[in-house]
Amino acid sequence: MFSSYAKCVSTHYILISYFLLTRFFPCISSSQGCNPFAQTGRSKLQNKRASLNQQIIKQMRMRAGAENLLKATSNNKVKEMVLLELSYVNANLQLLMGQLEGLNSSVEVYQNTQETANIPLIALGLKETKEVDFSTPFKDFILDHYSEDGNSFEDEIADLMDLRQACRTPSRNEAGVELFAKYYSHLPLMESRFFSPNRQTGIFFTWYDSFTGVPVCQQNLSLEKASILFNMAALYSQIGTRSNRQTIVGLEEAISSFQKAAGILNHLKETFTHTPSYDMSPAMLSMLIRMMLAQAQECLFEKTALPGIRNQFYSLMKMAQEAAKVSETYDQVHQSMIQTPIKDNVPLFWSTMSQVKTNHYRSMAHYFVASALLDHQLGPSDDEDQQEKTLSQVYDRLPEGRSPLDILKNKEERERIGKAHIRRAILGHEEALRIYGLCHHLNKLEVLEDILKASHQRSLNKYSESDSEEEFTDYTEAPDIISKTEHKAEMEVPATTKVKVTDFFQRLGPLSVFSAKQRWTAPRTIRLCPEDRDLGFTLKGESPVQVVSLDPLCPAAADGLKEGDYIVAVGDTDCKWSSVSEVMRLLKDVDEEGIDIQVVSMMESNPPMPTKSATFCGNLPKTYSMICLAYDDDDKNPKSRKVTKKSSFLSWGLKNKLKSASTLSLPTADHSGALPWNKPCPTFPSSSSYNNDSSLY
């Protein structure tokens with residue numbers, strides 16, 4: 001009885017320990033991914049996304065069935081009922097699409113939990129996929145194609161399936177990226193081993209569009225590869241948004257992450273040009289690349305401003321052009337988002353956010369120029385030529401009849417242009433606040449509202465400092481500011497896109513020979529009986545070794561050995577990976593009784609006959625894609641095909657040897673008092689009401 005009680009107590013403590021580990025340390029092993037039941041903001045979001053995807057596919061199937069019935073029936077009463085059902089299903093689909101858009105707008109979940117003083121950034125959500133069971137198809141293929149017992153590879157198949165499953169819940173750090181890279185590097189090996197151009201494996205890969213939730217299903221690996229790359233870029237974007245942007249180290253991590261996300265998306269766009277999933281179409285990927293680079297540029301601006309902006313003429317002019325550059329990049333993002341058909345699939349939150357940032361950073365640029373002109377006068381000790389050159393480089397054009405030197409020397413003219421800039425800053429901040437109020441998803445981001453209001457108030461304060469009675473008669477319009485940056489965000493392809501991995505199925509033999517493209521006979525047993533220590537043939541190659549110069553009168557030839565055969569076993573020793581010297585070492589001491597070897601013969605491969613392979617999208621009509629080409633030779637007559645003998649990749653014989661100051665800070669939400677020039681402040685305002693639970697997955 002006591003032992004039973006002790007066993008129960010022990011089990012109880014084990015369960016408690018497991019709960020604590022999975023709750024507070026959800027990413028126990030990078031190779032296993034994160035605990036999918038960890039109750040974090042990001043995991044809840046992905047679980048909701050998966051649930052919505054299932055509901056969307058259910059509604060799409062109902063819609064497809066109703067449309068088919070509508071085409072098939074001629075009964076008017078039935079048609080009326082079907083049309084009513086279709087309107088109901090379409091309404092449900094629109095509702096589900098709206099909920100999915102809401103998930104894509106939940107950017108607060110991805111932000112850093114330690115600081116809330118920065119404008120939120122946009123992260124991509126991970127594409128969802130269905131589980132794939134490789135077990136039965138791979139075992140059957142191993143038995144049928146490689147003539148080996150598929151059950152002996154259960155562990156390898158399980159490891160591959162575990163790796164894919166872990167990729168569905170990666171940790172939000174470099175370990176998660178490495179997990180994606182590891183699986184992505186295994187895909188070409190898996191493709192070479194099991195995906196023959198002459199037959200289908202029966203394995204379907206289903207991935208859901210990250211914007212619409214529409215499922216796409218293919219039998220080849222192109223969709224799998226492209227989706228893993230997309231998720232790798234999405235994970236980098238989540239790492240970037242999670243970085244602490246109140247530190248230089250955190251900003252550098254964010255900049256690098258967004259640049260890597262852009263680089264991977266660009267690689268995806270150039271490599272997989274006909275992906276049937278709309279979120280990976282060239283137009284959508286181009287927009288996402290621009291958005292990632294714009295966020296990297298924004299972080300570069302924050303990095304420059306983090307130590308504080310010196311209240312000097314040149315520093316303020318430099319920051320004005322840097323802010324104008326951020327505004328310009330976000331304007332390009334917004335313009336790409338409002339193009340058809342992207343605007344129909346991109347969340348309204350995204351395009352509204354890019355429009356808000358366009359106006360916000362443009363207004364900030366005008367504020368900096370206004371501060372440089374109003375707070376600093378050209379003194380006797382100032383470099384007149386240098387200031388004139390700086391001002392001329394800031395403007396694309398000047399008001400008629402004015403020159404940079406006139407503005408710098410004439411105090412009234414300097415103040416007039418400065419006030420014009422501050423008026424444009426005020427109008428721009430008001431426009432940003434107006435746009436902010438139009439999107440109900442943006443209204444949830446109180447920290448963004450605090451920053452916009454603080455920036456607007458700062459511009460109003462600057463305007464009131466220089467206000468005068470005759471101000472209403474001044475209609476001078478401030479010129480546009482030329483964007484310029486010392487550090488431009490560039491795409492960066494990370495080195496971890498592909499990593500060196502060990503083939504799970506290397507026991508099948510060297511991939512260069514034992515692949516799904518090659519065909520062989522089943523292993524044959526040959527009895528070798530040397531005559532005067534002569535086997536009657538020579539060997540060449542590294543691994544596996546190949547029989548050459550076969551004496552047709554030797555016993556081995558009489559027993560069925562053919563020139564060109566590959567030796568896969570000598571006695572009980574597997575020789576698929578053995579070199580010539582290793583095989584000869586096994587054969588040199590064969591006595592008169594002889595020894596059994598196993599050989600396989602390369603079969604003459606039939607040329608693949610390309611046929612279109614359907615890509616199914618949620619039971620909708622079939623679509624076709626160039627990357628979906630598969631092959632089916634069931635209906636072809638083998639006798640009518642040309643036969644081309646493959647030359648061996650092995651090219652050497654047995655006897656050959658191997659070759660071998662004062663600062664100005666960006667606005668905060670702290671309205672307690674004026675910002676002193678000599679006091680560095682947080683780059684953006686804090687907000688106690690801005691909180692989320694976005695920890696690791």
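**Close-up views: nonpolar cores and salt bridges**

View 1. The largest nonpolar core holds 128 residues, and Phe134, Met190, Leu288 and Trp350 have the most contacts inside it. A nonpolar core is a set of buried Ala, Val, Leu, Ile, Met, Phe, Trp, Tyr and Cys residues joined through side-chain atoms within 4.5 Å; buried means under 20% relative accessible area, exposed over 50%, and partly exposed in between (1.4 Å probe, protein chains only). A second, separate core of 21 residues includes Ala556, Val570, Val580 and Val583. In this predicted model, local features need pLDDT of at least 70 and side-chain atom pairs count only at pLDDT 80 or more, while totals for chains, interfaces and linings use all residues. Residues are numbered from 1 along each chain as its sequence is written, and side-chain values use heavy atoms, leaving out hydrogens and water.

**View 2. The salt bridge of arginine 245 and glutamate 302.** Its N to O distance is 2.7 Å; a salt bridge is a side-chain nitrogen of Lys or Arg within 4 Å of a carboxyl oxygen of Asp or Glu. Both arginine 245 and glutamate 302 are buried.

**View 3. The salt bridge of aspartate 480 and arginine 424.** The N to O distance is 2.8 Å. Aspartate 480 counts as partly exposed because its relative accessibility is 42%, and arginine 424 counts as partly exposed at 24%.

**View 4. The salt bridge of arginine 527 and aspartate 596.** The closest N and O atoms are 3.1 Å apart. Arginine 527 is partly exposed at 34% relative accessible area, as is aspartate 596 at 33% relative accessibility.

**View 5. A network of salt bridges.** Glu148, Asp574 and Lys576 are linked in this network.
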